[in-house]
Protein chains: 2
Amino acid sequence: MSRVLVVDDDVQLLRALRISLRAAGYEVVTAPDGTTALREAATAHPDLIVLDLGLPDLDGTEVLAGLRPWFTGPVLVLSARADSQDKVAALDAGADDYVTKPFDMAELLARLRAAVRRGAAEPGEAVITTDHFTVDLAAKQVTVDGVAVRLTPTEWALLSELVRSPGRLVGQKQLLQSVWGPAYERETNYLRVYLAQLRRKLEPDPAHPRHLHTEPGMGYRFTP
Amino acid sequence: MSRVLVVDDDVQLLRALRISLRAAGYEVVTAPDGTTALREAATAHPDLIVLDLGLPDLDGTEVLAGLRPWFTGPVLVLSARADSQDKVAALDAGADDYVTKPFDMAELLARLRAAVRRGAAEPGEAVITTDHFTVDLAAKQVTVDGVAVRLTPTEWALLSELVRSPGRLVGQKQLLQSVWGPAYERETNYLRVYLAQLRRKLEPDPAHPRHLHTEPGMGYRFTP
DNA sequence: GGTGGTCTTGACGCGTTCCTGACGCCCGGC
DNA sequence: GCCGGGCGTCAGGAACGCGTCAAGACCACC
């Protein structure tokens, strides 16, 4: 199911939200302030975000501004302020919905469902391009020199995990964990086999990769 | 410029909405009741719809139910009822947002902007055409080489779910969930059976499909 | 009560994918 | 020069997923 990042500094509310969202079938990640929220949003790959505007460190709109350039999923804003000026500001800053506290949990869940449903119909413009191939994360399609290339589910899971952090080094533990599961953290040979297949399918010269680089002993890096 | 269909029986409110929306740069079409709304939605091709729930002839959720099978743009619901049960019902019936009357016009406009921004990438065309067949989502009609083809309800539900995202891969979980319900997530054999039937009815060479492709282990893809 | 159409369910063959182990290479440390 | 760790490559066998077919269950309508 979908993963949701909940950002709020109220511990009580956070607990209530976590319980309700879990019960509704979501996987829940939480953050107590704005800086953690931005970090978690980048690493945990949430599908949607519930964001409280009243945070201790950053203003809510600042968090939105930091999120929006790259985060394409829905963001639902929570706030104690019912003033319509605040609503307009948040919505124009990139929020998809605005709910005032105190709120009804059933309504919040319904609004989340609506946001996810709508987000599923949207491409998201999450296309990564290099000189030799392009990766469309939303359509799950890879094209090399314009022609579509078929990837197996495992190959796709590995590639998408890599291209989601362009230029950044992704540790082998993280790759193994997100593709095969936490029990496979040591099976680094899996990575060798599948990286080789990816390079064979995507790189112009698989022996001298230009985009899927190996960092010996650490992990792999995708460079556009 | 986007075209918006406003559905409301209150003449005063209708006039106020028309003026504000025009000023905000929208092209405005109006309907005073549910049946006109459904007809206008099909003929005027609006990009988004503002729908009052309290209509003289039809219940608001009925209008939504008539709209949603084929209308892919955002629908913003207006209502005098602030009860959260009503909100949940409308949102789950396919509404993208729910605003209670009396409302602030600036907030409404901001919510419309947010809805349009999200759906901006997809125009929401109701007729999909390929080399060999055409699918009319609004009329629920499929024609192969000009002649109409009869589809069973299940076949239709599956096909419409696929053609709604052209070029995009649709996961088997999502297909099963939206056609048969959440309890059937694992019954992948249903997909095999019905995809075969669809290919038999639509593809020129069912053994080598040109438009209804299988992505083993992941899902299916419709390519125009 | 019969009949036609639709949906479900199971079985089979086939191709593909995944896992696994073995081998050779490179490179830094001893 | 020897050694060990990490990496890339390759090939087989097991397991899985897909397409196909057919028979039974279910339902609405006549």
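Me: Is Tyr190(B) to be classed as buried, partly exposed or exposed?

Reply: Burial is judged by relative accessible area, with buried under 20%, exposed over 50% and partly exposed in between (1.4 Å probe, protein chains only). Tyr190(B) has 27% relative accessibility and so counts as partly exposed. The model is predicted: local features need pLDDT of at least 70, side-chain atom pairs count only at pLDDT 80 or more, and totals for chains, interfaces and linings use all residues. Residues are numbered from 1 along each chain as its sequence is written, chains are lettered from A and ligands numbered from 1 in the order in which they are written, and side-chain values use heavy atoms, with hydrogens and water left out.

Me: How many aromatic pairs are found over all chains?

Reply: Rings of Phe, Tyr and Trp (its six-membered ring) pair if their centres lie within 6.5 Å; planes under 30 degrees apart are stacked, over 60 edge-to-face, and the rest tilted. The search of the whole structure gives 8 such pairs. In one of them, the ring centres of Trp180(B) and Tyr190(B) are 5.3 Å apart and the planes stand at 55 degrees, so the pair is tilted. Trp180(B) belongs to the loop between α7 (172-179) and α8 (188-202) of chain B, and Tyr190(B) to helix α8 of chain B, so the pair ties together parts 10 residues apart in sequence. In chain A, one aromatic cluster is formed by Trp180(A), Tyr184(A), Tyr190(A) and Tyr194(A).

Me: In what order do the strands of the open sheet in chain A run?

Reply: Helices (H or I, at least four residues) and strands (E, at least two) are DSSP runs, numbered from the N terminus, and two strands pair if DSSP finds at least two bridges between them. Here 4 strands of chain A form the open sheet, in the order β6-β7-β8-β9 with antiparallel pairing. β6 (127-129) and β9 (147-149) of chain A are at the edges with a single partner strand each, so one side of each has no neighbour in the sheet. Between β6(A) and β7 (residues 133-136) of chain A there are 3 bridges; Val127(A) has Asp136(A) as its bridge partner in β7(A).

Me: Which helix packs on this sheet?

Reply: Contact means heavy atoms within 4.5 Å; axes are lines fitted to C-alpha atoms, for helices over the stretch in contact, and angles run from 0 to 180 degrees between N-to-C directions. Helix α6 (residues 153-163) of chain A touches β6, β7 and β8 (141-144) of chain A, and its direction makes about 95 degrees with that of β7(A).

Me: Which residues come nearest to DNA strand D?

Reply: A residue is near a strand if one of its heavy atoms lies within 4 Å of it. Of the 17 residues around DNA strand D, the nearest are Arg199(A), Thr214(A), Gly217(A), Arg199(B) and Thr214(B). Sugar and phosphate make up 59% of the atoms of DNA strand D that come within 4 Å of the protein. A side-chain N or O atom of Arg192(B) is 3.0 Å from a base nitrogen of DNA strand D.

Me: What share of the atoms of DNA strand C within 4 Å of the protein belongs to sugar or phosphate?

Reply: That share is 88%, and the rest belong to bases. A polar side-chain atom of Arg150(A) lies 2.8 Å from a phosphate oxygen of DNA strand C, and one of Thr152(B) lies 2.7 Å from a phosphate oxygen of DNA strand C.

Terms used
Polar contact = N/O pair within 3.5 Å; in protein donor to acceptor, adjacent residues only side chain to side chain.
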